Amino acid sequence: MSYRTKLLLLFAVTVGVTVTIVAWTASITMRRAFERVNNERTAALVTQFQREFTRRGVEVTSQVEGIAHAKDTLRIAMEVARPNPDYAALVNEAGSLASAYQLEFLELLADDGAIVSSAQWPARFGYKESWITTTTGWLTQGAFLRQEDLPNGSALALMAVRAVIVGEKRMYVVGGKKLGSEFLASLTLPEGMRALLYRNSSTENAQGTLTDGAGTAISEERLLPLITAVRQRPAEQAQNIAWTKDAASAEAFHALPLLGPHQEVLGMFLVGSSLAEEVLLARRIRSLALIAGGMGILLGMILSTWAAAHVTKPLEQLAGAANDVSAGLWNTHVPVASRDEVGRLADAFNRMTEQLTEQRERLVQAERVAAWRELARRLAHELKNPLFPLQITVENLLRAREMSEDQFEEVFRESTGTLLAELAKLRAIISRFSDFAKMPAPQLQPVNLNELVTAAIRVFEAQFTAPGKPAITKQLDLAKRLDDIQADPELLQRAVQNLILNAIDAMPSGGTLRLRTASLPSGVQLDVSDTGTGLTREECERLFTPYYTTKQHGTGLGLAIVQSVVSDHQGKISVESEPEKGTTFRIILPFRATSAEPGNQVQEPASEPVEKVVRL
Amino acid sequence: MKHPSFRLLVLSSCVCATLSVLAAQRPRYGGTLRVEMQAAIMSLEPATSTAMAEPDGVLKLRRIIYDRLVGLDVRGQSQPALAASWQHDQANTHWSFKLRIDIKWHDGAPLTPGEVLTSLQDSSPGMHLQLLGDTLAVSLDDPRPDLPILFATHPGMFIRRKSATPSNTPALGTGPFRVLEWRAGSRVVLQANEDYWGGRPYLDNIDVLMGRSSRDQLIDLELDKADLVELDPGEARRLQQEGKQLWASAPIELVSLQFDSKKAKVQDQRLREAIALAIDREAIHKVILQNYGEATASLFPQWLSGYSFLFTAAPDLDRARKRISDAPKPPPIRVGYDPADLLLRQIVERVAVNVRDVGIVLEPTALPRNWTIMLDNGMDITALRTRIQGPTLSEAVGEAASVSFVATSRTTPEEVYVSERQFLSNYTHVPLVYIPELVGSGPHLRGWNAPPWGDWHLDDLWLGASKP
């Protein structure tokens, strides 16, 4: 992963996490604030409801007491107290009284609880209200909540009971007002809130009714869990209700049980507080967070791009320059665009490459000087050998002039022979050096390495078994199936023969020469191993240097020629050696090599395809 | 010792007082009678179909605008009217009615026998009418000993002059009052017929306001804006307490529940029986009807049939519950009532309360204004007020038969009883109470002499002296 990508990711993650934390914190804070406000508003509304409930209760009690003390009521009570009262004459009295005293419900009950007259349900005359006689204490009690039966159902009512006593008999005055939508409408509702009234059904297992301040019936299906919970545990409870899939339709509902005189749940006062504002604000926060996050990431991308342009670009240039250096371009430089750490790094890199280049040049120069010295030493050595016989021979000829003619003739003849022989040696030496300098370009053709190795070693068969010489055991380990490679067979055979010759030279006391071929995915491999004296590390390092040799009479060009041939075939050569155990040269050749101009390996030793492995 | 002149003074004072009392009780001519009624009468023409129920008030107006061949006195006896006399053969299949002569229409034109024949032909099914001079011969396929009563009570057998072209005003008649002003459904002003063959009526005019609710009538009576109004039983007590005059007929109007047995909710006879058994009719009679009328489980009132008491009207909740103990709980049953009829609504609501005691829910529902009994009104049960016509059981049966009853006017009371018992046994028709017709009037109205079956004899009324 690039530095730029990492930087971008870092920016994105940082912005995302920051925005998320801020949005989450804002949402939590906002939600708590809304909850606190909702709770306060709900508590205020519940208090208002309770205050209004109490006020109406007092009002109802006062009105019922007023009816009980009225003269008309006394007249009715006296009629009811008669031995055979004529209820027919009284059946409409409750309606008149209720109308006069502005009560919605009024019943006049005889001493036994029988309805003498009912304002809310006139047709129920004669029926008994057993609850009035089975329980005492009504006459001193204030208003209470009651489920009042009506012709078309029932209604919640704030009721009060008083009695008119005539002789030993009582006539109960039971009056009250409906607790319904009008009651709710009298409450002052804060914006976003609504009050509902739930009335239990008078029949068991039947659904109740839920109305709002406008008297509109509302489906209780969604509120049923809350209603059921309050029914089971008569205490104030709260629940959020979602009316549609849209969360903005949700309301936080608080349900307050409305209890009858025996603590039975007759209904509930429900306060709904819309969560629309909260949800919309949360959505707005979320949207803003998303926008901020997106913009942050976009900004991060821009910043990371900018940073990459100013920070990572020098690094990338450094990386590229390092790659160039590793590829051999040692004099690579990177621009120094700043004075910061990256700038100092670039400056250090440039100084490093400059030093490397200088060192390399010095090394090349030193190696060149060493090579020339070696060449000079070798030439001197090679030329000194024929020169000494030439000098002796010439001196012998000078001295032979004083000899007899016959002796001179003999000496002359021997001397000229010697001179010619030594001159021939000189010419041979010059020819070898000339040949190395004029390595031909490889003429590529399909070559089977196994066949080439077999042909190459066949030349040395006689030497392996020559009498008077230590025996060398030949061991061919050729791959069974080896694909042809594109190579110049003559050059390649010459290189193999040089390696075989080197191996034979390395085993003056005899040993084993092992030639092994193998197939590689991209080419072929040839190992030439001997069990000779081996090489030191220093020898291995200089082994392929032209004109360097470890032998007494070598020119130092054999392995240089091998390396040149391998290099011209885009192959690699390496050496592994352990002193007193032997040496292995490994050549790896590609299946397809391109023709290349031979011979500048000496000038570019860094590009030589040589691996030197020395085991000590 | 008293002075002779003092005795003379006392004697003369007594004579004057007696004369003034006698003068106050003696009929006097003049004045306008202001009548209010609940019915909104659109036409005085007899209904051409039984599906078109006639308002009760229309007969009251027809009776004083038009004449019949035969009249009825307050005892229900047939009296000569346009027919001065009649006779019949032994088999009661051939009747001849001697028409009165010198009768004039309200426009002064003479009434001809041919016009009498034309007027009666449409409303005399099963009769063959023929004119023999000034005698109307009636031939019947079946014996009909009560034919004069039929002529006296049949709602269509009024003599009227049919117009050749359709008209918005009522047809001309020969009755004691002629139509002076006609506003269909709201008002009719009648004027005394000076040439009436029975003598000019006492009243100069009768001003009838129609379509007045019971409450409005009562208020108008209390404010002296009306002289004669119809009343519901619930208002009677109040009227009496205020010193107004009140006349009550015999129980003539049956309040009953008619089940539409085609409706799934009330198809089960056990359910219908349970409803019938749960109703406390006596409570309705005592409280809602203020002890007027009678609780009944029979189609005819006791005074008319003589056997009504044989039908048990008392509630039996235990039996009602047993009848539906193995039946599933029925859904709410809709009971329709005429929204203009407050009394009917009270009775239906009370029935709903009673029936709730056995676990049946009735929903009292106001019927549409233009509902008719013969058409499906969408209700499971319909509360009806059915008025009997005529002074005899046979006439009442004849009217009832046109709606639902199986007996005929020619069956004996015993046969009527058996038929009625059989008819009521499937509980598709449940009688509740019989109510009388109540009429309230101001203190100046005199001469009210209504028969027990509720007919109004407005032509016999006069207004007291203090009435301006």
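Tutor: Let us begin with the interface. In this predicted model, chain A and chain B bury about 1,100 Å² between them, with 56% of that area on carbon and sulfur atoms.

Student: What makes this a buried area, and which residues of chain A lose the most area to chain B?

Tutor: The area is called buried because it is accessible area that the two parts lose on being put together, summed over both. In chain A, Ala88(A), Phe125(A) and Tyr127(A) lose the most, together 48% of what that side buries. The contact takes eleven residues from chain A and 13 residues from chain B.

Student: How are the residues on the side of chain A that touches chain B divided by class?

Tutor: That side has nine nonpolar, no polar and two charged residues. Across the interface, seven residue pairs are in polar contact, while the count of salt bridges between chain A and chain B is zero.

Student: Why is the pair Arg516(A) and Asp527(A) called a salt bridge?

Tutor: The cut-off is 4 Å between a side-chain nitrogen of Lys or Arg and a carboxyl oxygen of Asp or Glu. The N to O distance for Arg516(A) and Asp527(A) is 3.2 Å, so the pair qualifies. Arg516(A) lies in strand β14 and Asp527(A) in strand β15, eleven residues apart.

Student: What makes Arg200(B) and Asp204(B) a salt bridge, and how is each residue classed?

Tutor: Their side chains meet at 2.5 Å, N to O, and the cut-off is 4 Å, so the pair is a salt bridge. Arg200(B), at 21%, counts as partly exposed, and Asp204(B), at 27%, counts as partly exposed.

Student: Which residues are linked in a network of salt bridges?

Tutor: The network links Glu52(A), Arg55(A), Arg56(A), Glu59(A) and Lys177(A). Over all chains, the search finds 46 salt bridges.

How values were computed: Residues are numbered from 1 along each chain as its sequence is written. Chains are lettered from A and ligands numbered from 1 in the order in which they are written. This is a predicted model: local features need pLDDT of at least 70, side-chain atom pairs count only at pLDDT 80 or more; totals for chains, interfaces and linings use all residues. Side-chain values use heavy atoms; hydrogens and water are left out. Contact means heavy atoms within 4.5 Å. Buried area is the accessible area (1.4 Å probe) that two parts lose on being put together, summed over both. A polar contact is a pair of N or O atoms within 3.5 Å; within protein, one must be able to donate a hydrogen and the other to accept it, and residues adjacent in sequence count only if both atoms are side-chain atoms. Ala, Val, Leu, Ile, Met, Phe, Trp, Tyr, Cys and Pro count as nonpolar, Asp, Glu, Lys and Arg as charged, and the others, Gly among them, as polar. Helices (H or I, at least four residues) and strands (E, at least two) are DSSP runs, numbered from the N terminus. Buried means under 20% relative accessible area, exposed over 50%, partly exposed in between (1.4 Å probe, protein chains only).
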